[in-house]
Amino acid sequence: HRNEVESLSEPEIGGREPEDVEVAAGETYWWCRCGRSQTQPFCDGSHKVTDFTPLEWTAKRAGPRNFCTCKRTKTPPFCDNSHLKL
């Protein structure tokens with residue numbers, strides 16, 4: 001059993017397709033960066049055993065947004081189709 005923080009060079013793959021989420025204007029969302037969250041695409045605290053921290057994002061307007069779950073996007077927290085290369 002390990003107590004030290006695991007060092008990961010890349011996040012785990014949280015999913016293989018983006019997640020469409022209806023966001024509310026002015027709401028803050030915490031996007032999972034580690035890929036371990038069971039509540040993809042958002043943080044559930046699973047990063048605590050990694051070097052990763054979630055990304056805070058606040059919606060400027062309401063509507064659907066395409067959140068990345070593979071954690072390889074170059075445009076976090078949104079999908080840039082990086083999952084197609086996995």
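The questions below concern a predicted model.

Q: How many cavities of 30 Å³ or more does the structure hold, and what is the volume of the largest cavity?
A: The search for cavities of 30 Å³ or more gives a count of one. The volume of the largest cavity is about 40 Å³.

Q: Which class supplies five residues to the lining of the largest cavity?
A: The lining includes Cys32, Cys34, Cys43, Phe52 and Pro54. Cys, Phe and Pro count as nonpolar. Asp44 and Arg33 are also in the lining, and Asp and Arg count as charged. By class there are four polar residues, two charged residues and five that are nonpolar.

Q: How many disulfides does a search of the whole structure find?
A: A disulfide is a covalent bond between the sulfur atoms of two cysteines. Here the cut-off is a pair of sulfur atoms within 2.5 Å. Over the whole structure, the number found is zero.

Q: Is Cys68 buried or exposed?
A: The cut-off for buried is under 20% relative accessible area. Cys68 has 3% relative accessibility, so Cys68 counts as buried.

Q: Which residues is Cys79 in contact with, leaving aside neighbours within four places in sequence?
A: Contact here takes heavy atoms within 4.5 Å. Cys68 is one of the contacts of Cys79.

Q: Which residues form the covered face of strand 3?
A: Strand 3 spans residues 55–58. Its uncovered face has Glu56 and Thr58. The covered face has Leu55 and Trp57.

Q: Which residue in strand 3 does Trp30 stand opposite?
A: Strand 2 covers residues 28–31 and runs antiparallel to strand 3, with four bridges joining them. Glu56 is on the uncovered face of strand 3. The residue opposite Trp30 is Glu56.

Q: Where is Pro41, and what is omega for the cis peptide bond that joins it to Gln40?
A: Pro41 is in the loop between strand 2 and strand 3. The bond from Gln40 to Pro41 is cis, with omega about 10°.

Q: Which residue does a cis peptide bond join to Pro77?
A: Pro77 is placed in the segment after strand 4, which spans 63–67. Omega of the cis bond is near 10°. The partner is Pro76.

Q: What is phi of Lys71, and is Lys71 buried or exposed?
A: Lys71 is in the segment after strand 4. Lys71 is not a glycine, yet phi is positive, about 70°. The relative accessible area is 7%, so Lys71 is buried.

Q: What is the relative accessible area of Asn81?
A: Asn81 is in the segment after strand 4. Asn81 has a positive phi near 70° and is a residue other than glycine. Asn81 is partly exposed, at 42%.

Notes. Residues are numbered from 1 along each chain as its sequence is written. This is a predicted model: local features need pLDDT of at least 70, side-chain atom pairs count only at pLDDT 80 or more; totals for chains, interfaces and linings use all residues. Side-chain values use heavy atoms; hydrogens and water are left out. On a 1 Å grid over the protein atoms alone, a cavity is a set of points where a 1.4 Å probe fits but cannot get out, and a pocket is an open set with protein on both sides within 12 Å along at least five of seven lines; lining residues have an atom within 4 Å of a point. Grid points are joined across faces, edges and corners, and a volume is the space filled by probe spheres set on the points. Buried means under 20% relative accessible area, exposed over 50%, partly exposed in between (1.4 Å probe, protein chains only). Helices (H or I, at least four residues) and strands (E, at least two) are DSSP runs, numbered from the N terminus. Two strands pair if DSSP finds at least two bridges between them.
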